[in-house]
Amino acid sequence: MAATHAPGQTSASNAELLQLARRVLSGGALGFLMLPSDDDVVVREGRGSRLYGVDGREYIDYLLGSGPMLVGHCHPRVVEAVERQLRQGTTFYFLNEPAIRLAERVIDAVPCAEQVRYVTTGSDATFLSLRAARAYTGRSKILKFEGGWHGTNDYAMFGTVPTEASDYPHAEVDSLGVPAVLADEVLVAPYNDTELAVQLIDEYASDLAAVIIEPLQRVLRPAPGFLEAVRAACTRRGVVMIYDEIVTGFRLAWGGAQEAYGVVPDMACYGKAMAGGFPLAVIAGRRDLMDTFGNVGRAPQTIAWASGTFNGNPLAATAAHAALDILSEPGVYDQLHRIGGRLRAGIQEAGRRRGLPVQALGEDMVFGVRFMHNSQPTQWVDLLENDRSLGARFAVQCVKRGILIVPNEKFYISIAHTDEDVDRTLEVVDDALAACQAGAAETPAA
Ligand SMILES: Cc1ncc(COP(=O)(O)O)c(C=O)c1O
């Protein structure tokens, strides 16, 4: 058998590894993320706000592992805690102190949390929170919002990226392989359309188990009164209100979007930032709802099944404790606001200078750059105005200059990002916009 390189000791070039990846990985990638081959990056390591490619190139990282690295890469306190735990064992399946104490900590921090159930990924958390809602209510339909992303579970795969407004409350399935019968189980409404959301909750109440919402839906903030009205309708109709806080949890505020926006759901899904870069997610919620998962002394047919090999993994729970220790320090969220706010304002200003319609939408700690005139989109269909091809060119120009972002996606800010990082990023953004304009000028008219 031909010798292969051990990770970390590779002498293979970025191009060689990319070529191998394209051959051995399904779709040539780990998931959706793939840049054009000339600019795609095989990462060797991360430190603070930086990633380093196998070819030694340095990048300021605004992807943060798709969000988890809120405290920055290889934070010494996370590394030290995990190293200590590593020497005591990696996974037990049994109860362990880090997991028990982390649950207590989540309950203290998260307004809706009276109990916690561990899972491993955000997709597990949304899938199983919906199961719990069905078990609790005895109803089966769910309502989600157009453009909302709740991971890859079958129930979440409707109306996520339509190219035009859906035929509400029906929406096209996003993925191949999703059972057709689920189309009747998943209702879809436009985000921030308070009237239609409340109308659907009232109309379908006898069949509706849950409303699942990203409180900050990708880059769209909730309109005044929207979350409050959905909350009131869910309470009135006995429908379980679930926040998908996989992105917002411990990021928008210590208590997540529930704290930031002041509306408390019945259940919430947390993951990404809470575990310092390790695969851990939780469903947190009211005790009576969480009780549907309970198994002590109960027959299997009387509970909503939610068990997994790595649930409450001690290594991930230990990393989570270290990350939460760091995030609980005074000034952390002010700093994220300040750094992210400066970057957003600077990017928009660069667009104005260049005569391009650039919007930096969302919140300071997580926002998306979109090329569109509407500066206050409220729904997914508003975002269809975004010039995606310009967004893709812009991202590639940024990556070429050492700023790592994903086309038409989000900028994630970490506590490791500095003012110098922002200064450098804004220089690059200006150059990247200029390069996009020059490229456009060179493109012959169709
Ligand atoms: C809001 C939201 N929910 C759920 C998920 C799914 O999480 P995971 O990728 O850990 O399955 C994601 C992932 O990006 C997300 O952004």
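Predicted model: local features only at pLDDT ≥ 70, side-chain atom pairs only at ≥ 80, totals over all residues.
Local features need pLDDT of at least 70 and side-chain atom pairs 80 or more, while totals for chains, interfaces and linings use all residues. Residues are numbered from 1 along each chain as its sequence is written, and side-chain values use heavy atoms, leaving out hydrogens and water.

Q: How does the shell around the ligand divide into nonpolar, polar and charged residues?
A: The shell includes Trp149, Glu214 and Lys272; near here means a heavy atom within 4 Å. Ala, Val, Leu, Ile, Met, Phe, Trp, Tyr, Cys and Pro count as nonpolar, Asp, Glu, Lys and Arg as charged, and the others, Gly among them, as polar. The division is 3 nonpolar, 5 polar and 4 charged.

Q: Which residue has a polar side-chain atom 2.8 Å from an oxygen atom of the ligand?
A: A polar contact is a pair of N or O atoms within 3.5 Å; within protein, one must be able to donate a hydrogen and the other to accept it, and residues adjacent in sequence count only if both atoms are side-chain atoms. Serine 123 uses a side-chain N or O atom, at 2.7 Å from a ligand oxygen. The residue asked for is lysine 272.

Q: Is histidine 73 buried or exposed?
A: Buried means under 20% relative accessible area, exposed over 50%, partly exposed in between (1.4 Å probe, protein chains only). The relative accessible area of histidine 73 is 12%. Histidine 73 is therefore buried.

Q: Which side chain makes a polar contact with the side chain of histidine 73?
A: Histidine 73 touches residues including Arg47, Leu51 and Asp61 (heavy atoms within 4.5 Å). The polar contact spans 2.7 Å. The partner is aspartate 61.

Terms used
Lists of a residue's contacts leave out its neighbours within four places in sequence.
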